[in-house]
Amino acid sequence: MAGASAPKRQDTRKFFENLSGAGKSIAVLTSGGDAQGMNAAVRAAVRMGIYVGAKVYFIHEGYQGMVDGGDNIKEAKWESVSSMLQVGGTVIGSARCKDFRTHEGRLKAAHNLVQRDITNLCVIGGDGSLTGANLFREEWSSLLEELLQQGLIDEEATQRNSELHIVGMVGSIDNDFCGTDMTIGTDSALHRIIEVVDAIMTTAQSHQRTFVLEVMGRHCGYLALVSALACGADWVFIPEMPPEDGWEDNMCQKLSENRADKKRLNIIIVAEGAIDRHNKSITPDYIKDLVVRRLGFDTRVTILGHVQRGGTPSAFDRILASRMGVEAVLALLEASANTPACVVSLVGNQAVRLPLMECVQMTQEVQKAMDEKKFDEAVRLRGRSFENNLSTYRLLSFRKADSELPNGEEEAGDEEQIDSSFNVAVMNVGAPAAGMNAAVRSAVRVGITEGHKMFAVNDGFEGFYKGQIKEIKWGDVGGWTGQGGSLLGTKRTLPGKHLDKIAEQMRIHNINALLVVGGFEAFESILQLYVARADYEEFCIPMCILPATISNNVPGTDLSLGADTSLNAIVETCDRIKQSASGTKRRVFIIETMGGYCGYLATVGGLAAGADTVYIYEEPFDIRDLQANVEHLTEKMKTSIQRGLVLRNENCNENFTTDFIYQLYSEEGRGVFDCRKNILGHMQQGGAPSPFDRNFGTKIAAKAMQWITRTLKESYKGGRVFANSEDTACLLGMRRRSLVFQPVAQLRDETDFVHRIPKEQWWLKLRPLMKILAKYKTSYDVSDSGQLEHVTRVRPKDNNTSTAI
């Protein structure tokens, strides 16, 4: 890719120019319960299919349409999926189909497909839909035999359609499918839940109320668990982890303790499938009556119901679904008679393909484990991501009474003492990013649970050298998760010029470890402190950075805290801007995004909003490219497409400014379309954090605090902390599938300090994807596409450096 100084690996890269779809027919259907993002998956599969030269068909109304045939199976054109990216649900319809469960139904379906020579199916749905597809594939040759014997098809058609290939994408808001971290629709459902919880919190606060919220998830507690993490709920009930007997007393005690601690509201989240240890269901009304009877609190029940399935898909779901849709077509082109039906999914940040039936079997095993009351087993089978969420929730949910906290006065040996009396400082550095507060809250509470004394530094390193440092307690960070910006205050000041004063403050407050939540400046700051260790012993302490910046330009991590919230703001605004032109004839919008020199927001925002072109610094462009883009857009606008979207990163080129591009498009498009321009500005930085950022911040901060505790113990010698090795100044980043602590000294070589970006950026691989979906001919490197893997069962215990997110 242009701009990225990656070594040319021409020999190992395989491009899919060799993968032709000519002569093949692919049908796309959505089945089972709908989920936001299904349309993005349909759009991507249709456009990728057409791009590789295949014929693509819609099957309307799921399997019912396949059985009924006729007009339900229609050929799809490029334009037929235009402007469906931002629509929730599924445009081609979905139905739960009884007929397909019968042999006769499947025979009819096979006949309808053979008539159109369709031998490739792309199924978007839950585990039921995918299991059905697999059965259909297993029966395929016997169904063709039967049709041949009945004289409904001839020998030639049987030969032509002898193999049926199936690729699944999991669309389900419950996230109840094993083998994939996130199913399509889960993130959007979390958005709906968190919007409601945030709204309820303000009214509960006014009246000192307790709210019991029921969220979806008949068999899977993912939505309940993650929304509880994301809003700091007091209690959560999920089917995988029924509460211990006597939970009523424990819960009531916790609620009243929280009230005594000046907390004006309680939130209890219940999954609709919640049960106790004896398989008896726990309902919101039962909980409400219990709280009213025992505590006399004013209590209300809210059942979210189908709200969770509705609304526009979040940025994450659009990107997930678009990546999966393209991956599904590649998997179909590469499929052969002996490859198993597979599902495409994401693990961490990596596309993978997994055998469909292995995933289904594992999903069924979870239910079996729950039925047999083997709840720990059920949690383990759910996968690393679920397990991690649960352990983080447990870590944060039980407050130790002050009397239980170790205070360093233990009579036991040194071990006890060193466990307890460390002072850990937390601070924000750089520009504010949504999710910073969630990270600080999590760090403070986990730190206190681990026995440390936590200190908050206000206003970054500027506050540090001025001595704005004070102890921060458990109750001080209550309700922080849902707040945007930085409550501690943050500045871009680097420590370099104030090292003396900072060292002095570290001595005064006896700071034994430092956790910095921030962007590129946070990375530079810790690097400066690391280098200064030679002159200042005070900096020989464990130091850790949590990357938090909307620009996502920090080396050592694929994702930074705040970028997801920012993408959602960009995508929402682009949707509105596009809609503003719905009355006019053809119009093109030129939109400028933030990000410094990093094109992440523009590229990924463009992929999620359906942009025609995105200009970024990492991929240099000249006037000929601009000319080609305008002509390409003009051609598209002559068809039924009404609106165009062009995104430009703020620093992509100093001469081709947003005004220049606007004027160029206005002049060249005269008579075909008119133009408008928009600079999004600081609205990209504000707002309440998205569920992803709340959850990501909470998890990485908990993990970082555990690393700090471990490193403190290892570096405690002769009555003091002394840490000066490379691996005691780290950045905790997400790399493909795992969270990794990386020494800042090593990351220095991976960084372009002039432009403040990493030298290699994974998301540049998404650029060709965006171009294909915008109808450009481009070279697409598929060496990074998913290879068929197997679902892992019992995993070796994680080592300390990596874990799933």
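The following legends describe close-up views of a predicted model.

Residues are numbered from 1 along each chain as its sequence is written. Because the model is predicted, local features need pLDDT of at least 70 and side-chain atom pairs count only at pLDDT 80 or more, while totals for chains, interfaces and linings use all residues; side-chain values use heavy atoms, with hydrogens and water left out.

**View 1. The open sheet of seven strands.** The strands are arranged in the order β3-β2-β1-β4-β5-β10-β11, with mixed pairing. Strands (E, at least two residues) and helices (H or I, at least four) are DSSP runs, numbered from the N terminus, and two strands pair if DSSP finds at least two bridges between them. β3 (73–75) and β11 stand at the edges with a single partner strand each, so one side of each lacks a neighbour in the sheet. From one strand to the next, the twist averages 25°. Strand β4 (residues 120–125) and strand β5 (residues 165–170) pair in the parallel sense over six bridges, and G125 has V170 in β5 as its bridge partner. Helix α10 packs on this sheet, touching β1 (25–30), β4, β5, β10 and β11, and its direction makes about 140° with that of β10. Contact means heavy atoms within 4.5 Å; axes are lines fitted to C-alpha atoms, for helices over the stretch in contact, and angles run from 0 to 180 degrees between N-to-C directions.

**View 2. The hairpin of β10 and β11.** Strand β10 (residues 342–347) pairs with β11 in the antiparallel sense over six bridges, and S345 stands opposite V352 in β11. Two residues lie between the strands of this hairpin, where G348 takes a positive phi near 65°. In strand β11 (residues 350–355), six of its six residues are buried, that is, under 20% relative accessible area, with exposed meaning over 50% and partly exposed in between (1.4 Å probe, protein chains only). Q350, V352 and L354 are on one side of β11, and A351, R353 and P355 are on the other. In a regular strand the side chains alternate between the two faces of the sheet.

**View 3. The packing of α10 against α20.** Helix α10 (residues 315–334) and helix α20 (residues 600–609) pack at an angle of about 80°, with their axes 8 Å apart. The two helices are therefore roughly perpendicular, a term for angles of 65 to 115 degrees. A315, R318 and I319 in α10 meet V604, L607, A608 and A609 in α20. The residues of this contact comprise six nonpolar, no polar and one charged; Ala, Val, Leu, Ile, Met, Phe, Trp, Tyr, Cys and Pro count as nonpolar, Asp, Glu, Lys and Arg as charged, and the others, Gly among them, as polar.

**View 4. Helix α11 and its surroundings.** The buried residues of α11 are L356, C359, V360, M362, T363, V366, A369 and M370. Their cover includes α4 (127–149), β10, β11 and α12 (375–382). K373, which follows α11, has a positive phi near 60°.

**View 5. The enclosed helix α23.** Helix α23 (residues 691–714) reaches 35 Å from its first C-alpha to its last, close to the 34 Å expected at 1.5 Å a residue; the expected span is 1.5 Å times one less than the number of residues. Of its 24 residues, 20 are buried, so α23 is largely enclosed by the rest of the structure.

**View 6. T302 in strand β9.** T302 is found in strand β9 (residues 299–303) and is partly exposed, with a relative accessible area of 21%. Not counting residues up to four places away in sequence, T302 touches I200, F211, V212, L213 and E214.

Note on methods: Parallel < 35°, antiparallel > 145°, perpendicular 65-115°, else oblique.
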